[in-house]
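Good morning. Please have a look at it first.

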Amino acid sequence: MVLYKLEEFDPNYRDTFQGDDIKGLGVYTEGTDEKIGTVSDILVDEDGHFRYLVVDLGFWIFGKKVLLPVGRSRIDNSSNRVYAIGMTRQQAEDLPEFTERAGLDYDYEEQVRGVYRSPSYTTTGLETSTPVESSRLTGTTAQATPTSYTRDTYKYEHEPALYGLHQPHHDTLRLYEERLVANKHREKIGEVAVGKHVETETARVVVPVEKERVVIERVTPEDAGTVVSPGEANFREGEVARVELHEETPDIRKEAVLREEVRVKKVVDQETVQAEDTVRREELDVNAPNLPVEER
């Protein structure tokens, strides 16, 4: 359990408390109003909860500093005083001295808590406490050393009588307000299936082809009618010539080719969604006609 000085934990703590500063307030006994010392510092835990008031006992025992658990204090804003619940001057003097050099560990805190758990610790001036609170603040058997706790398992919440802020002892009125809390969750809105199918269509292709044909031409030579020599004229019958004819025919076939690629991916689009609702807030009403009331 690590503790911090208030100013180390929050350098701007005065702004948090609207300018009020508990440091420097006098610490008094209840009933007798005898001054014990002055609040020199506050020790808070890792969450900022008040755990101890560091009380400088001042002039009458040479500035010895002791720890006062916050649950054993009552802050009186009207008189700017802190009252040590049930503490006498002698009990304050008997507390283990707090020094920054020695540090603050579990064993030292147990020494401090042991004093406040003692049955001899009185609780005068607690008439305003409820019966439950009175039993917690007295040194009865219920306040004996909590042997069920260990160094590793002890928590301040185990002893609210020492570390709890009791409403009747701190003159605090809590005002509450509502606020909108925006969360978001992910849900499936559908799915996109990507597939393929086959479509058919009629394709046309033009192929030029060649065909051979025989052309027989009959012409009259220029020397027609001229007498030829004997033997030149060869009169015969039957086949006198053979000509082969060819033609081209189209050879049509199909082949598959890659046409395009289709890539499927997801992208995230962001947009801002606004929501509004009615929230409630408590405000303080002070009914004090013609009476001096100072708000800080």
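Before I count anything: helices here are DSSP runs of at least four residues, strands are runs of at least two, and both are numbered from the N terminus. On that basis the protein chain has seven helices and seven strands. Keep in mind that this is a predicted model.

In order along the sequence, the pattern is β-α-α-β-β-β-β-β-β-α-α-α-α-α. The chain has 296 residues, and 26% of them are buried. Take the contacts between residues at least 6 apart in sequence: 63% of these join residues at least 24 apart. The accessible surface is about 24400 Å², with 49% of that belonging to carbon and sulfur atoms.

Now the core. The largest nonpolar core holds 34 residues, and those with the most contacts inside it are Val27, Tyr52, Leu53, Leu67, Leu68, Val82 and Met87. Elements giving two or more residues to this core include strands E4 (50–56), E5 (65–69) and E7 (81–84), as well as helix H4 (106–117). Which element gives the largest share? That is E3, with five residues.

Let me stay with Val27. Leaving out residues up to four places away in sequence, Val27 touches a stretch of names you can follow on screen: Glu34, Lys35, Ile36, Gly37, Thr38 and Val39, and also Val55, Leu68, Val82 and Ala84.

Methods: Residues numbered from 1 in each chain as written. Predicted model: local features only at pLDDT ≥ 70, side-chain atom pairs only at ≥ 80, totals over all residues. Heavy atoms only, no water. Core = buried A, V, L, I, M, F, W, Y, C linked by side-chain atoms within 4.5 Å. Buried < 20%, exposed > 50% of the residue type's maximum accessible area, 1.4 Å probe, protein only. Contact = heavy atoms within 4.5 Å. Areas by Shrake-Rupley, 256 points an atom, 1.4 Å probe, with all protein chains shown as cover.
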